[in-house]
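Hi everyone, thanks for coming. Let me put the structure up, and then we can walk through it together.

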Amino acid sequence: LYLAQNNSTLSVELQAELSDKGVVLLSLSDALMHYPEQVQAHFGKVYPAVSSKEIALNMAYWNGGYFLYVPANVHVELPICVLQSVAGEHTVGFQRSLVIAERGAQVTLIHDAYSDNEQASLVSDVLELWLNGNAQVNAVYMQNWDRQMHALHYSKAHLSRDSRYHVLNLGIGAAYHEVHTGANLEEAGADTHIQGLFVGNGQQHFRQQSLQNHIHANTTSDLLYHTVLKDEAYSFYHGMIYVDPKAQQTVSNQVSKSLLLSDSARSDAIPNLEILADDVQSGHGAAVGSLNPEQLFYLQSRGFDQSTAEGMLVEGFMEAVILRFPVEALHAVLRQHLAMRLLVKDGAE
């Protein structure tokens, strides 16, 4: 079940069984023609143009992206994979996508982005998700852009009553990668889990920004970001948990951890809380450090060489995030995707 988009060229393959159930997967431009009511009712509502100048620019120039619609009470068993590729010199791409999960719908989405360019390129990718009552969306955003790419990725979900949104950002590519992830918890019972895994080397620059926006009472959110950096790679995390005055009895947490594998790598983090209600549970924290020398010594004392021992500790650091993702069948895929980057030698492209 996939949609492949190379620049603005699109190909779609969707099982007839799902089409018969009303599942729709096609380009957003085609959706505007064939499903105008659904698109116009939600397009630009989660990320309006006034959100930022980058969002406004994307809104004005979008020339690609997809539309995924899952009808009420339809459970899509197999993941739907969207493959986004960019080719050509000095390419500039503006992607705009929309996902709608009606009441009781369930779907797993894999958004896979890659490129192989020899010249600097820019991609701006905006994804809006709308989850109606008791819907469940599990999403993986896998970023493997080439080292000439400057990429901006925005994804935010509107969560209605008892809906569940679980997202994992996985970034290993690009010269500069800026990822914004958020959820508006609009009604009681809404629940979101935001996770991130980023592995950088060379002079890669990662910037992560998150928003856990508790607008209604009895909502929950949890965030866990892990970053591994070596060579002269840099990462900056800025997170916000906002709890509205009427959002009583909410539970939220936010943790960012960075593992530095060289003296030249650097990571900064600014976790934030803005709590305007008085009956809540909320916490946040950030940590930056290197491999634990005692753990490293223990593994070497058991016969592992230094390189193998370091690799085991790094894999364990990432595994803590992978195991939280609820689709167990995708765990092996995520490990393999990360292993490709960990096998790259220091300084290699």
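Here is something to look for: in β14, which residue is the bridge partner of A183? That partner is Q212. Before going on, a word on the source: this is a predicted model, where local features need pLDDT of at least 70, side-chain atom pairs count only at pLDDT 80 or more, and totals for chains, interfaces and linings use all residues. Residues are numbered from 1 along each chain as its sequence is written, and side-chain values use heavy atoms, leaving out hydrogens and water.

Now, the strands, which are DSSP runs of E with at least two residues, numbered from the N terminus. Strands pair if DSSP finds at least two bridges between them. Strand β12 covers residues 176-185, and nine of its ten residues are buried, so the rest of the structure largely encloses it. Buried here means under 20% relative accessible area, with a 1.4 Å probe and protein chains only. β12 runs parallel to β10 (residues 149-159), joined by ten bridges; H158, for instance, has N184 as its bridge partner in β12. With β14 (residues 205-214), β12 also pairs in the parallel sense, over ten bridges.

Next, the nonpolar cores: sets of buried Ala, Val, Leu, Ile, Met, Phe, Trp, Tyr and Cys residues joined through side-chain atoms within 4.5 Å. The largest has 40 residues, and L68 and Y165 are among those with the most contacts inside it. A second, separate core of 27 residues includes M142 and V321.

Finally, confidence: pLDDT, the predictor's confidence in each residue from 0 to 100, averages 90 over the protein chain. Over residues 345-349, though, pLDDT stays under 50.

Methods:
Buried < 20%, exposed > 50% of the residue type's maximum accessible area, 1.4 Å probe, protein only. Helix = DSSP H or I, 4+ residues; strand = E, 2+ residues; numbered from the N terminus. Contact = heavy atoms within 4.5 Å.
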